[in-house]
Structure formats: C-alpha cells, structure tokens
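Me: I'd like to go through this structure with you, one piece at a time. Could you start with the words I'll need?

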Amino acid sequence: MKFVLFLSSTRVGVSYTGQGAWGDRVGKLVADRMAKKGHEVSVWDPKVIEFPLLQQPIQMIVDKSTIPQWMMDRKLEIEAADGFIVCTSEYNSAMPPALTNMLDHFPPASFRHRPIGIVTYSMGTGGGMRVQEQLKAMVTDMGMFTVPASVKIDTVNNKFDEQDNCTSEQIVTYVDRMIKESIWYAEAVKKHKEANGLPSA
C-alpha cells in the first residue's frame, strides 16, 4: 500500500530540549514501522519541501498552465496514495501553521474517501490531545476519515534515546496498532472502490 506521511514541525537547530524537531524522531518511527511491514511511505517534511506561504490553492488557479510543476507532482502523489498518516506537534494548543499551509495547497477532492491515521506529541502530559480534535475536524471536512487507533505521545522528549530510537515499547505498540488499522481500512476502501466505484455527488 502507498501512504503519504505528513510531518508538521519546521523547528531546526539546538534548543534546551535537544537537537532539531521531535517530530523528526516521531516521523522516523512511523516511517520505519510502515516500511518494516512492506508498505511504501512518502514523507512530506515542511523543512525539506518548503511549501511557500499559501496564496492560491491549486483549485483556485484560473490559468492551469501557470500551476508550478512541483505542485502538480505533489497533487498526483496525494491522489495515488491509498491512505495518509499525519505526525503533528501541538503549538500553543493549536496545529502548527506549516501543516495546515501544506495541506491547504490542494483541493479536498484529492484526499477524499481514504483513511488517515493521526499521531500527536508534546513535551507536556497531554500528548497533543487538544490538537487531535482540531485535526480530526479538518481532515473530515477535507473528505478523509480518521482511523480509531490514534496515537498520543506525551513527554516526547523522554521517549527517545541519543540515536533517535524510541525507548517506549508501549508507544511502538500504539504506532503499530494505528498502522494496522490504517492499512486495513485502506485495503477495504480500495477493494470496494474497484468493485463499485466512488459514490456519486
């Protein structure tokens, strides 16, 4: 199965919590567990792809010949995916702007009728609980559906060693469960779509 994994943090450099963004460690954990199960994962890291600040989403551009090729390529990648996973931090009780900016470049139709697994994390004890509800509302409005087994990682700065390996077997178990459900739903939707097509408007 093909999945797109969306990361959210653009933090770089050394801070009092360590080097770089904790989302890099969380994203690596998810991508590695997906790959170990034989699935294809494309990681969208806003530090690497560097989406510009949104001025016009692709569906609002009148002259389609002016759409940048990189944007068209990413749209096609979304449309070809069997499902999605998002790993996001919680900034001041809200979603990181880099994540919403990235997703908002594309029309909801590009994402529709596919599952999305959610992984949130924070250095506090909530594990990104507040941003989970915001994200669920957003992705549902875009036409995706969230799998039941979401993951919340609290005190994320205590869950990885110096080699960026997760030290919590419980977290690994939760991630594996989320992946298993995401794959199950993606396979079910794909089979149903092949047999019956998509629902008409």
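Reply: Buried means under 20% relative accessible area, exposed means over 50%, and partly exposed lies in between, with a 1.4 Å probe and protein chains only. This is a predicted model, in which local features need pLDDT of at least 70 and side-chain atom pairs count only at pLDDT 80 or more, while totals for chains, interfaces and linings use all residues. Residues are numbered from 1 along each chain as its sequence is written, and side-chain values use heavy atoms, with hydrogens and water left out.

Me: Ok, which residues are buried in α3?

Reply: Met 71, Lys 75 and Ile 78 are buried in α3. Seen down the axis of α3, its buried residues fall within an arc of 60 degrees (taken from the directions from the helix axis to the C-beta atoms), so they line one face of the helix.

Me: And what covers the buried residues of α3?

Reply: The cover includes β4 (40-44) and β5 (83-89); helices (H or I, at least four residues) and strands (E, at least two) are DSSP runs, numbered from the N terminus.

Me: Switching topic, which residues touch the most other members of the largest nonpolar core?

Reply: Of its 27 residues, those are Phe 6, Trp 44, Phe 84 and Phe 111. Such a core is a set of buried Ala, Val, Leu, Ile, Met, Phe, Trp, Tyr and Cys residues joined through side-chain atoms within 4.5 Å. The largest share of this core, four residues, comes from α5.

Me: What does Phe 6 touch?

Reply: Leaving out residues up to four places away in sequence, Phe 6 touches several residues, including Trp 44, Phe 84, Leu 99 and Phe 111, where contact means heavy atoms within 4.5 Å. A second, separate core of 26 residues includes Val 119, Met 178, Ile 179 and Ile 183.

Me: Now α6, how many residues has it got?

Reply: α6 has 28 residues and reaches 40 Å from its first C-alpha to its last, close to the 40 Å expected at 1.5 Å a residue, the expected span being 1.5 Å times one less than the number of residues. Among the buried residues of α6 are Met 178, Ile 179 and Ile 183.

Me: What follows α6?

Reply: Gly 197 follows α6, and the phi of Gly 197 is positive, near 75 degrees.
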